[in-house]
Amino acid sequence: MGQTIFYILISTVICVIYFTLVDHFLMDMQGLDYWYLFRK
Amino acid sequence: MGRITRNKFLSIVALSAMVGLLLLPILVSIPSLVGAQEAPAGAPADAAKKDGEQKVEKGRDVYYKTEGIVVGAPAPKTTDSPKDYPRYNFESRVLLWFANQQHLYYGSFVLAVPIFCMIIEFMGVVTKDKALAKKYDQLAYDFIKISLTAYSLTAILGGILIFTFLTLYPAFFSYLSSIFRPVMHIYALMFVAESGTLYIYYYGWDKMKEGLLKWLHLSMSVILNVIGTVLMFLANSWIGFMMSPAGVDEQGRYLGNIWHVIHTALWNPLNLHRILGNMAFGGGVVAAYAAYRFLSAKTDEDRAHYDWMGYIAMAIGVAFLIPLPFAGYWLMREVYAYRQQMGITLMGGLLAWLFIIQATMIGILFLSSNYYLWQALGRMRGAEKYFKYVKYLVFILVCGYLVFITPHTMVMTPAELKAMGGQQHPVLGNYGVMSAKNGGINVIITTTVLSFIWYMRGNKESTVSWAKFGNIFMGTFFFWAYFNIIWLAIYGYYIPANVRVGLSVPQVATTLSCLFFMTALNGFMMKGAKQLGPIEWGKISVRSQYALIMLATAFTWMMGLMGYIRSSVRLFWHVNEIMRDNSPWAYTHTVGFAANMISFNVLFFWISILFVFWLGTLGVKKIPVEAKAPVPGTAPQPVGGH
């Protein structure tokens, strides 16, 4: 059980970082600001 | 041995000579093409030398904005008269619509099927399992056999189309052919080369079944497909020119640069969209053929074979269906970039309701594909473990689908309008915007990817040491992918339109990440996996076969619909902003009439293709192989069978 939770945590960290990078850089490549709402 | 080698050598020489002869007319025509570009440019110069008073007239390209010497006549200004628009007491546009659509259906089919053959024959050549290799070979042969009869019909329909143009729209056709004159003969010669290569490819199957000759045969399919694709690109350049003309001045006079005429603003997006569309359509039609043969099969052996054939065709079709919406987005983006008004007419104005119908059809395509895959799990022992989760996928798919098909505004009576407080529904209207729809379609596609992955691992259990982490990672990845897609869809409501429009790119990237990374991860995990049970080909519900027929019908209907949308966006222009359509039929039909017309075209195509299928069953002769390949039957299929 402990191992499963550890695997889920590791996977979640990897996935969240990956998708955040995808969102940020693909918007940046179009000259757009992904963080527009948060910067306001 | 020496004799065989000599025979092989002679065969190669003969084949090379034949292919060379087929390509010779095209090679010969290339200098004349260059000449065609140069001659008109030089001709006025010569004339100017002879006659000092005559000046060289220059014009500005309407799209490229470059200057060029005028070498063509202006676009004719037609009038509503029998001279420009001869008629048969019937709406000429409807006749042309019918001829065009039927030619397109068959043309798409015969261009797509040889690509399938190439892929399947290649799989047969490279696979190490002899029995499976023969099965692939038989399948590729079955495919090309179907397309051969359809090929003759395509040519006949092409002839009918040209006669329809010449008879009903002579002024327009004359103008269009004057613009494309430098490449018209290339198109015709390519068609001859395509026919020749196809017949050699088909009739040479038996003689070229082994060793080097087999590779040579396979390479012929590459040549066949290259020719077919170039043919399609040339045909696309005509519709690209009609929608977004280039290479002519504002009066429609040709400026001597044929590349500008071909390479219009929409040519490349159209090319990509049509290749993917043809493949998806071809896959659907072949899958429907297999379903028809499955349903009418008398023996388990036949049922197993056609079940397998249907699966392969469906898999290829869906593989091309998945990127199709993205190619569609690119095309629309280019349409907006070319003329914003054209984009608005398509998606926010006169034709917007047709896009709601299109969304409905796309949803049906994905729902049918998923349904087939869930049914297909039933033919695998060990796949039962996924059954209990299917209902969750149905829920996700239906949610995505409902958002995807929600219109922005409703067509209503004044009383309904008053009762609702406006054209937009206070709650559902929020789903009628692109931000939500992008989320909807990406959720649908991601779910289809997930169904595929489940199917691919249905009867297997990973034996790699990191299997547990792999499974958890895959599940987590899909969860966060869904989360990201939905998050971006919601986020779009809170930011300005110019920023929001860019969110579709990371949404698509998220879906594609699932497709590529998770398919690859699954492949690594299933390498050397334990088989829980065999795939029992032929032991699948009859409903699944109807799903394949549904898939093919939806493809056909959607192709008809999108063709109509693309064509009618020109409104009252033959060639957008260059040559006006002054016929009495230069108006946009009602949605109802268009839908009826599309349905009629679909019905006609399916009746005629059923006739082609029936012809295919006459004189059934399987490819002669020395040892008959074992039928899929209940035998366990190797990994390649998936």
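Colleague: Axes here are lines fitted to C-alpha atoms, for helices over the stretch in contact, and angles run from 0 to 180 degrees between N-to-C directions. On that basis, at what angle do helix α6 (residues 211-243) and helix α8 (residues 267-295) of chain B pack?

Modeller: The model is a predicted one, in which local features need pLDDT of at least 70 and side-chain atom pairs count only at pLDDT 80 or more, while totals for chains, interfaces and linings use all residues. Residues are numbered from 1 along each chain as its sequence is written, and chains are lettered from A and ligands numbered from 1 in the order in which they are written. Helices (H or I, at least four residues) and strands (E, at least two) are DSSP runs, numbered from the N terminus. The angle between α6(B) and α8(B) is about 130 degrees, and their axes are 9 Å apart. The two helices are therefore oblique to each other; angles under 35 degrees count as roughly parallel, over 145 as roughly antiparallel, 65 to 115 as roughly perpendicular and the rest as oblique.

Colleague: And which hand does the crossing of α6(B) and α8(B) have?

Modeller: It is right-handed. A crossing is left-handed if the near helix is turned anticlockwise from the far one by less than a right angle, and right-handed if clockwise.

Colleague: Which residues of α6(B) and α8(B) make the contact?

Modeller: From α6(B) come B:Met232, B:Phe233, B:Asn236, B:Ser237, B:Ile239 and B:Gly240, and from α8(B) come B:Trp267, B:Leu270, B:Asn271 and B:Arg274. Two residues are in contact if their C-beta atoms, placed from the backbone, lie within 7 Å. By class, this contact has five nonpolar, four polar and one charged residues. Ala, Val, Leu, Ile, Met, Phe, Trp, Tyr, Cys and Pro count as nonpolar, Asp, Glu, Lys and Arg as charged, and the others, Gly among them, as polar.

Colleague: On to α3(B). How far apart are the axes of α3(B) and helix α20 (residues 591-617) of chain B?

Modeller: The distance is 9 Å, at an angle of about 130 degrees, which makes α3(B) oblique to α20(B). The crossing of this pair is right-handed. On the α3(B) side the contact uses B:Lys145, B:Ile146, B:Thr149, B:Ala150 and B:Leu153, and on the α20(B) side B:Val612, B:Leu615 and B:Gly616. Five of these residues are nonpolar, two polar and one charged.

Colleague: How do the axes of α2(B) and α3(B) cross?

Modeller: The axes of α2(B), residues 92-126, and α3(B), residues 130-168, come within 7 Å and cross at roughly 160 degrees. That angle makes α2(B) roughly antiparallel to α3(B). The crossing is left-handed, and the contact has 26 nonpolar, ten polar and two charged residues.

Colleague: While we are on α3(B): is B:Asp137 buried or exposed?

Modeller: B:Asp137, in helix α3 of chain B, counts as buried because it has 22 C-beta neighbours inside 10 Å. A residue is buried if 20 or more other C-beta atoms lie within 10 Å of its own, exposed if 12 or fewer, and partly exposed in between; C-beta atoms are placed from the backbone.

Colleague: Which residues of α11(B) are buried?

Modeller: In helix α11(B), residues 340-347, they are B:Met342, B:Thr345 and B:Leu346. They lie on the same side of α11(B), because they cover an arc of only 100 degrees around the axis; the arc is that of the directions from the helix axis to the C-beta atoms. The face turned away from that side carries the exposed residues B:Gln340 and B:Gln341. Among the elements covering the buried residues are α10 (324-338) and α19 of chain B.

Colleague: New topic, the backbone. What is the phi of B:Lys65?

Modeller: It is positive, about 65 degrees, although B:Lys65 is not a glycine. B:Lys65 is in the loop between β1 (58-60) and β2 (67-69) of chain B, and its 8 C-beta neighbours inside 10 Å make it exposed. B:Leu571, also not a glycine, has a positive phi of about 55 degrees. B:Leu571 is in the loop between α19 (542-568) and β5 (573-575) of chain B and counts as partly exposed, with 16 such neighbours.

Colleague: Last one: how many residues of chain A are in contact with chain B?

Modeller: On chain A there are 17, meeting 17 residues of chain B. The largest share of the chain A side, twelve residues, comes from α1(A). That side divides into eleven nonpolar, four polar and two charged residues. Chain A has two helices and zero strands, and 20% of its 40 residues count as buried.
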